[in-house]
Amino acid sequence: MDKLNQFTLTEAVKDSFKTEEGSRFKFLLESFIDHLHDFTRETNLTHAEWMGVLNFMYDCGKISTPERHEFILASDVLGFSALVDMINTRGGGTEGSNLGPFYLDDAPEKALGADLAPGRDGVTILAKGVVRDILGKPLAGAIVDTWQADGSGTYPIQEQERGQDKHDLRGKFTTNENGEYYYTTVLPKPYTVPFDGPVGDLMRAGKRHPWRAAHLHYILRAAGYRDITTEVFFENTEYVDNDAVFGVRKSLITSLKPVKKGQDLGLPLERTPDAMFEFDFVLSPE
Ligand code: BEZ
Ligand code: FE
């Protein structure tokens, strides 16, 4: 065995794992060990700093529950999630963005034209657009799965103790024969990511704010196409230039247009909107 020192150690650790030659697991594990060791050597990490990292992870585990995944939040504020989204966006398709912690896979199915926010205060908006493939062909029967915060920046799932139904402000729409989707809802407000835990401490230490720009979440699905998880943001709104989790992409910013009283929108809607936006989604083949 070679003498173990700070330079031979890295190979020794990699060799200690008997991973399948040519496997993705071997590739990822070895690359991770290389980068972890390089980081440690380059920064001359002290024992106190090393323990600081381990305690941060311990604290993330301690505060996590089935409803709160502090490691995902850490990934979000460090831009790790955004980087994975960017790397996995396929040419020509709508850019991906954060899933966030509030997705439910059993959102109610809604008919086109439905209102997602009956009885809720706020600016009523019409969301409409077309789901297309990368050649521009409209995709009929695509699923537009959406969820969002309300007009005060709260997700109903966060307010269940106050009697809110976690399935409110979310729904699955199916595009019509022209690939169109349309529904009304309330304009969401910005809100803060949870900052009462270790990730909040990290943000405060770095003098960072915890605010997310107002957004609507979407997952788009169609048979034969890659699912896209993304968000739509609004032009000239607060935090759109410095979202706490780096979720905003230029291509995901839409502009709201006022709807005039009595304006014929040509759509069967449950509720009359004050404003509207149009956003088309593009799916790339599987
Ligand atoms: C969200 O978009 O809902 C979200 C994303 C990251 C952290 C917290 C919330
Ligand atoms: Fe969100």
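This report describes the iron site, the aromatic pairs and the nonpolar cores of a predicted model.

## Basis of the description

In this predicted model, local features need pLDDT of at least 70 and side-chain atom pairs count only at pLDDT 80 or more, while totals for chains, interfaces and linings use all residues. Residues are numbered from 1 along each chain as its sequence is written, chains are lettered from A and ligands numbered from 1 in the order in which they are written, and side-chain values use heavy atoms, with hydrogens and water left out.

## The iron site

The iron ion (ligand 2) is coordinated at 1.9 to 2.1 Å by Tyr155 (OH), Tyr191 (OH), His215 (NE2) and His217 (NE2). Donors are N, O and S atoms within 2.8 Å of the metal (3.2 Å for Na, K and Ca); water is not among the atoms, so sites may look incomplete. Along the sequence, the donor residues follow the spacing Y-x35-Y-x23-H-x1-H.

Tyrosine 191 belongs to strand E5 (residues 191-192) and histidine 217 to strand E7 (residues 215-221), so this pair ties together parts that are 26 residues apart in sequence. Strands are DSSP runs of at least two residues, numbered from the N terminus. Both tyrosine 191 and histidine 217 are buried, meaning under 20% relative accessible area, with exposed over 50% and partly exposed in between (1.4 Å probe, protein chains only).

## Aromatic pairs

Rings of Phe, Tyr and Trp (its six-membered ring) pair if their centres lie within 6.5 Å; planes under 30 degrees apart count as stacked, over 60 as edge-to-face and the rest as tilted. By this rule there are eleven aromatic pairs. One of them joins tyrosine 155 and tyrosine 191 edge-to-face, at 5.1 Å centre to centre and 85° between the planes.

Tyrosine 181 and phenylalanine 281 form a tilted pair, with 5.8 Å centre to centre and 40° between the planes. This pair links distant parts of the chain, 100 residues apart: tyrosine 181 is in strand E4 (residues 180-186) and phenylalanine 281 in strand E12 (residues 281-283). Tyrosine 181 has a relative accessible area of 1%, and phenylalanine 281 has 0%.

## Nonpolar cores

A nonpolar core is a set of buried Ala, Val, Leu, Ile, Met, Phe, Trp, Tyr and Cys residues joined through side-chain atoms within 4.5 Å. The largest core has 29 residues, and those touching the most other members include Tyr181, Phe277 and Phe281. Strand E8 (228-234) is among the elements giving two or more residues to this core, and E8 gives the most, with four residues. A second, separate core of nine residues includes Val77, Val193, Val199 and Val245.
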